[in-house]
Protein chains: 2
Amino acid sequence: MTVAEQQDAKKRRRAGGRAGHDARRGHSAIEQKPWVLPRNPDRPTEPLSAEGVARLHEAAMRILEEIGIEFLHPEAVDILRKAGCIVSGTNVRMGRDLVMAQVALAPRSFTMTPRNPDRTLLIGENVILFGNVSSPPNYWDLEIGRKVAGTREQCANLLRLTQYFDCIHFAGGYPVEPVDVHPSVRHLDVLFDKLTLTDKVVHAYSLGPERVEDVMEMVRIAGGLSHEEFDATPRMYTNINSTSPLKHDEPMLDGWMRHARRGQGCIVTPFTLAGAMAPVTMAGAVAQSLAEALAAVVLAQLVRPGAPCVIGTFTSNVDMKSGAPAFGTPEYMRATQMTGQMARFYGLPMRSSGVCAANVPDGQAIWETEHSLWAAMQSGTNMVYHAAGWLEGGLIASPEKFVMDCEILNQLIRYMEPAIWDTSDEALAVDTIAEVGPHGHFFGCQHTQDRYATAFYQPFLSDWKNYEAWEAAGAVWTAERAHVVYKRILAEFQPPPMDPAIRDELAAFVAKRKEEGGAPTDF
Amino acid sequence: MTVAEQQDAKKRRRAGGRAGHDARRGHSAIEQKPWVLPRNPDRPTEPLSAEGVARLHEAAMRILEEIGIEFLHPEAVDILRKAGCIVSGTNVRMGRDLVMAQVALAPRSFTMTPRNPDRTLLIGENVILFGNVSSPPNYWDLEIGRKVAGTREQCANLLRLTQYFDCIHFAGGYPVEPVDVHPSVRHLDVLFDKLTLTDKVVHAYSLGPERVEDVMEMVRIAGGLSHEEFDATPRMYTNINSTSPLKHDEPMLDGWMRHARRGQGCIVTPFTLAGAMAPVTMAGAVAQSLAEALAAVVLAQLVRPGAPCVIGTFTSNVDMKSGAPAFGTPEYMRATQMTGQMARFYGLPMRSSGVCAANVPDGQAIWETEHSLWAAMQSGTNMVYHAAGWLEGGLIASPEKFVMDCEILNQLIRYMEPAIWDTSDEALAVDTIAEVGPHGHFFGCQHTQDRYATAFYQPFLSDWKNYEAWEAAGAVWTAERAHVVYKRILAEFQPPPMDPAIRDELAAFVAKRKEEGGAPTDF
């Protein structure tokens with residue numbers, strides 16, 4: 001691209017951004033809170049004392065120094081050896097001086113800029129952002145009424161929800177795995193859908209170099225960016241999970257280093273289920289999770305000093321009767337809070353999740369999800385994965401659950417608005433209390449008239465009618481109401497604007513890569 | 001009673017207490033966490049700055065000094081006049097010096113001792129206690145499938161749940177109004193049921209002197225107490241609601257003063273719906289609520305210095321489209337937290353609630369209830385009313401909701417246990433991490449074997465099976481599972497032991513009072 005072409009592309013993108021905004025305003029299926037990067041004003045909940053933080057740090061350092069982490073990637077091992085780590089085969093032990101020096105290079109906060117710059121995210125500080133459910137292989141909705149393997153159409157519909165809701169800030173992994181698309185080209189089709197149906201920050205799975213490079217290239221094309229522009233600032237991110245205990249595997253490390261090298265977002269989230277892949281005690285599980293995560297952050301900083309990293313937590317417990325993973329438990333909440341304390345200790349942004357073990361969007365699904373979302377709020381989490389649509393421990397994506405979760409997220413966003421606890425004279429309203437007196441009511445007074453339209457959060461899914469009115473309206477339970485909202489959103493959905501030339505370029509890239517066979521698979 | 005008889009009674013009561021405990025252990029419908037007075041270890045969430053607290057205090061004082069509160073009870077007005085308040089008809093204005101001096105006389109914490117002293121409650125400090133739903137006129141369960149007027153049988157069944165669940169610490173008002181019992185004798189029948197089906201702290205409605213005196217006498221009889229013993233320490237409590245704005249009515253004040261005079265628990269909870277009975281701004285609604293509550297506390301202290309008082313909050317907002325009350329909203333949460341800050345400022349224990357606007361025990365019911373329960377946790381609340389069984393803004397009691405709420409309460413109680421975030425060497429488990437290494441798992445290791453039975457909270461209602469197993473077991477949603485648990489509990493319920501002589505004395509008192517016509521009514 002010439003400079004003139006780049007400027008043209010930027011103009012088109014900006015126009016698209018504004019048009020997108022107008023299109024959103026035109027939505028009428030529901031009234032929702034506008035797009036904002038919410039700031040969490042509350043002091044985090046901190047179960048650990050200063051001594052507890054020091055002890056957890058000491059345990060993480062001992063794991064890194066004395067036990068070591070397996071890095072199943074020769075280049076990664078090489079980089080770590082050269083930095084002074086003690087290497088034995090794939091086992092890498094790193095001293096705390098190196099660890100702390102490298103971790104200190106990671107920024108405390110950074111931005112990620114998607115194709116619509118109005119959707120730029122700030123990762124860090126007290127900002128808390130929400131993303132859609134990612135990676136369930138299965139789908140469930142009230143119409144089908146049972147668990148089925150995911151399809152591209154279902155995936156696209158969940159992407160439409162991801163775009164539609166202003167409380168969803170980033171498009172995580174595939175909201176459901178489209179099992180009807182061959183794995184060699186799945187990333188091409190889903191990324192095409194994701195980049196055309198949404199204009200929010202997207203993610204690349206670290207599942208082999210071809211996939212990572214394809215996604216980076218598609219994000220670059222969708223943004224109308226030169227390679228230099230793409231590399232200049234984070235545009236997207238990957239999330240890697242360690243293979244707990246104590247192991248980072250080859251494709252994850254490959255994707256991790258590719259993202260670090262090009263300055264894109266690097267999120268590392270050990271999946272440390274206490275009692276299975278980690279000690280049965282929560283402090284032990286968190287210590288192990290920290291060691292695994294910090295080891296990856298050290299590698300990223302060695303690859304590119306200042307690479308934008310996020311420390312994730314997925315520490316929960318299993319059901320010790322069955323071995324099944326549990327989510328949103330009391331132990332999960334405290335582990336998340338402990339990890340939050342440690343993320344602040346290390347000066348890294350943090351990721352946690354909105355999760356549950358329930359199989360359908362019922363009461364249990366909501367109390368487990370509420371507990372995980374409050375753990376995110378209480379821990380100072382910056383990025384909340386899976387914040388909408390997750391069921392069955394992440395094995396099912398559900399549009400009804402997605403819509404219900406977005407109602408909760410809207411409420412949390414409102415909860416963070418300082419206007420609620422304004423104590424100005426106008427808010428304290430002593431004169432109005434005097435004016436109304438002991439025999440009146442406040443419905444009609446000027447103070448109320450001036451404020452009633454915006455004074456309180458208005459839910460789009462909660463039904464506040466009394467029983468009789470609710471019954472007369474069909475006695476519809478929450479999940480069924482969510483299904484109706486889902487269908488209404490689909491019916492009126494309009495994709496965010498995209499320059500036709502960019503869309504063509506994206507389609508051509510997909511076609512070319514499909515012709516080349518996509519990413520290699522064993523089957 | 002002679003001294004010997006009193007000692008006999010005490011022995012019997014103690015034996016009953018122990019037997020009750022054994023009987024509880026024999027329960028098998030569910031596994032639940034044992035009775036404990038939970039201590040909330042977390043720092044409260046405090047939206048207000050120090051200046052905000054000062055401004056809210058100033059506003060409450062201005063309401064008391066400049067606007068005044070209506071006291072619709074001549075004796076109360078007389079007491080307040082003699083203490084130096086400025087009286088004009090029923091309007092009473094009180095200076096902040098008087099208010100603060102009287103409020104300072106109220107204890108920061110106190111105990112309440114029911115007929116089973118093992119159930120003694122500590123109200124204050126960082127203890128958080130939960131009570132059953134109180135006062136809905138209607139009942140709903142899955143079997144009936146619609147809203148019906150409450151009956152004595154339904155009320156008794158909800159009292160059985162109140163007794164059965166160890167996470168329910170006190171028996172509040174009637175868990176449903178038994179509309180099939182005439183109001184003149186309703187309190188006699190329900191209190192007989194409550195005192196025989198439960199052994200927990202009970203409540204008296206302040207709805208006329210006869211009812212209050214009858215309940216006090218029945219609590220005294222049930223406890224095997226002399227009048228002196230009853231008066232010596234709090235055994236029960238009342239809760240009064242101001243008639244907002246700015247008014248305390250006659251029967252409430254009568255019951256309030258009777259409780260204060262005999263040193264029983266005095267809880268005052270203004271029902272200040274922002275935009276209806278209070279300003280549309282939350283700070284204004286809280287300021288008015290504080291003024292109404294503090295005015296009642298002043299009266300209680302003038303009646304009996306040191307009377308045990310609790311400041312309650314029921315500040316929420318209305319749906320400004322319909323005027324319907326809303327519960328568990330973002331505004332409700334912040335108002336509760338603000339009230340918590342002010343309760344600590346005044347040195348008074350605090351009451352809030354577990355509430356929702358939903359009509360059935362579905363997703364909305366749980367997110368609204370979760371929000372109100374977390375507001376209780378975050379605000380430093382000591383007594384949580386309506387913590388189990390509440391629907392439709394308090395117009396419906398539901399056993400399924402009761403059981404679901406108790407699952408949540410059990411999780412909150414576990415959440416408060418410091419064992420979760422233990423950072424001892426044994427909990428950090430670095431040696432175990434070394435032992436298991438990168439290729440093993442933690443299921444089998446000794447560290448896990450030694451701890452797995454008690455390491456994690458075990459839910460009694462959550463279903464952690466995977467989808468296929470859940471489907472094979474009938475695909476039962478949470479509310480339906482709760483119904484089954486409810487029926488199992490009823491089937492095996494055994495009332496706590498009571499000395500037959502005491503039971504006879506209670507029955508005789510009820511019979512005598514019924515013969516006398518009970519409490520006067522207009523119909």
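With which side chain does the side chain of A:Asn317 make a polar contact? The partner is the side chain of A:Thr329, at 2.6 Å. This and everything below is read from a predicted model.

A:Asn317 lies in strand 15 of chain A, which covers residues 316-317. Is A:Asn317 buried or exposed? Its relative accessibility is 0%, so A:Asn317 counts as buried, the cut-off for that word being under 20%. Apart from neighbours within four places in sequence, A:Asn317 is in contact with several residues of chain A, including A:Leu273, A:Ala274, A:Pro325 and A:Tyr332. The list also holds A:Thr329, the partner in the polar contact, and a residue of chain B, B:Phe456.

**Where the chains meet**

Between chain B and chain A, about 9900 Å² of area is buried, and carbon and sulfur atoms give 65% of it. Of the area that chain B buries against chain A, 9% is supplied by B:Trp367, B:Phe456 and B:Trp464, more than by any other three residues.

| Item, chain B and chain A | Value |
|---|---|
| Residues of chain B in contact with chain A | 121 residues |
| Residues of chain A in contact with chain B | 121 residues |
| Salt bridges | 12 salt bridges |
| Residue pairs in polar contact (both at pLDDT 80 or more) | 52 residue pairs |

Helix 12 of chain B, residues 363-379, gives the largest share of the side of chain B that touches chain A, with 9 residues. A salt bridge joins the side chains of A:Asp42 and B:Arg334, with 3.0 Å from N to O.

**The nonpolar core**

In soluble globular proteins, nonpolar side chains tend to be buried together. Here the largest nonpolar core has 186 residues. Which of these residues touch the most other members? They are A:Phe165 and B:Phe165. Leaving aside neighbours within four places in sequence, B:Phe165 is in contact with residues of chain B, among them B:Ile30, B:Phe402, B:Val403, B:Cys406 and B:Ile489. B:Gln32 and B:Lys200 are also in contact with B:Phe165.

**Confidence**

Chain A has a mean pLDDT of 94, and 95% of its residues reach 70 or more. Over residues 1-26 of chain A, pLDDT stays under 50. For that stretch the model has 22 contacts beyond four places in sequence. For the complex, the predictor gives an ipTM of 0.94 and a pTM of 0.95.

Methods
Residues are numbered from 1 along each chain as its sequence is written. Chains are lettered from A and ligands numbered from 1 in the order in which they are written. Side-chain values use heavy atoms; hydrogens and water are left out. Helices (H or I, at least four residues) and strands (E, at least two) are DSSP runs, numbered from the N terminus. Buried means under 20% relative accessible area, exposed over 50%, partly exposed in between (1.4 Å probe, protein chains only). A polar contact is a pair of N or O atoms within 3.5 Å; within protein, one must be able to donate a hydrogen and the other to accept it, and residues adjacent in sequence count only if both atoms are side-chain atoms. Contact means heavy atoms within 4.5 Å. A nonpolar core is a set of buried Ala, Val, Leu, Ile, Met, Phe, Trp, Tyr and Cys residues joined through side-chain atoms within 4.5 Å. pLDDT is the predictor's confidence in each residue, from 0 to 100. Buried area is the accessible area (1.4 Å probe) that two parts lose on being put together, summed over both. A salt bridge is a side-chain nitrogen of Lys or Arg within 4 Å of a carboxyl oxygen of Asp or Glu.
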